[in-house]
Amino acid sequence: MGNTLAPAMSSEKEEVYQRCRVKIEALCEGEDDEIAKMASVVGVLHNEMRDFFWTGFYRVVSGRLVVGPYQGTVGCLRIEFGKGVCGTAAARGETQVVEDVHEFPGHIACDERSQSEIVVPVMGKTGELIAVLDVDSENKGTFDDLDQKHLEKILKQVFEGGVTA
């Protein structure tokens, strides 16, 4: 029974990401302000995606990650590069998909209800790291390759190459 549900759930998730992408493109088209674009991305993803418990950006400010904009419970204010899932994604420049945050060495528990997490580096137009997108879920194993693919694509379109209509 589980195998028959997986494709339907995957297909449903794919459709929701497509809707999110269209909304985000429409909101961000022609916008140059990075924080405004971040707020729009967070607003759409947090309200459209099932199981997104905490959705937000940690911006690179003076060599550290600083929270905001975000939606959800209170987040950690600052995170050092290399610390926790966000700091690891920032330091390595690679998306981190964590099925169980309690098994991630050095996980920073901003909210104990968080069980799984995906963190995607955000590059600016000149290729520099400007932020990471952090999404937490109250359920273990929420995030997978499909989430990684779509989130990376959305962020690349919005922050690196500009949004195409």
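Mentor: Helices (H or I, at least four residues) and strands (E, at least two) are DSSP runs, numbered from the N terminus. This is a predicted model, in which local features need pLDDT of at least 70 and side-chain atom pairs count only at pLDDT 80 or more, while totals for chains, interfaces and linings use all residues. Residues are numbered from 1 along each chain as its sequence is written, and side-chain values use heavy atoms, with hydrogens and water left out.

Trainee: Which element gives the most to the lining of the largest cavity?

Mentor: On a 1 Å grid over the protein atoms alone, a cavity is a set of points where a 1.4 Å probe fits but cannot get out, and lining residues have an atom within 4 Å of a point. Strand E1 (54-61), helix H3 (84-92) and strand E6 (129-137) each supply at least two lining residues. With four residues, the element that gives the most is H3.

Trainee: What is the volume of the largest cavity?

Mentor: Grid points are joined across faces, edges and corners, and a volume is the space filled by probe spheres set on the points. The structure holds one cavity of 30 Å³ or more. Its volume is about 170 Å³.

Trainee: Which residues lie closest to the centre of the largest cavity?

Mentor: The lining of this cavity has 21 residues. The closest to the centre are Ile 108, Cys 110, Glu 117, Asp 134 and Asp 136.

Trainee: Is His 150 buried or exposed?

Mentor: His 150 sits in helix H4 (residues 145-160). Contact means heavy atoms within 4.5 Å, and, leaving aside neighbours within four places in sequence, His 150 is in contact with Glu 14, Tyr 17 and Gln 18. Buried means under 20% relative accessible area, exposed over 50%, partly exposed in between (1.4 Å probe, protein chains only). The relative accessible area of His 150 is 6%, so this residue is buried.

Trainee: And Glu 103, is that residue buried or exposed?

Mentor: Glu 103 is found in the loop between strand E4 (96-98) and E5. Its relative accessible area is 65%, and therefore Glu 103 is exposed.

Trainee: Over which residues does pLDDT stay under 50?

Mentor: pLDDT is the predictor's confidence in each residue, from 0 to 100. The protein averages 90, and 92% of the residues score at least 70. Where pLDDT is low, the predicted coordinates should not be read in detail. The stretch with pLDDT under 50, for which the model has zero contacts beyond four places in sequence, is residues 1-7.

Methods:
1 Å grid on protein atoms, 1.4 Å probe; cavity = no way out; pocket = protein on both sides within 12 Å on 5 of 7 lines; lining within 4 Å.
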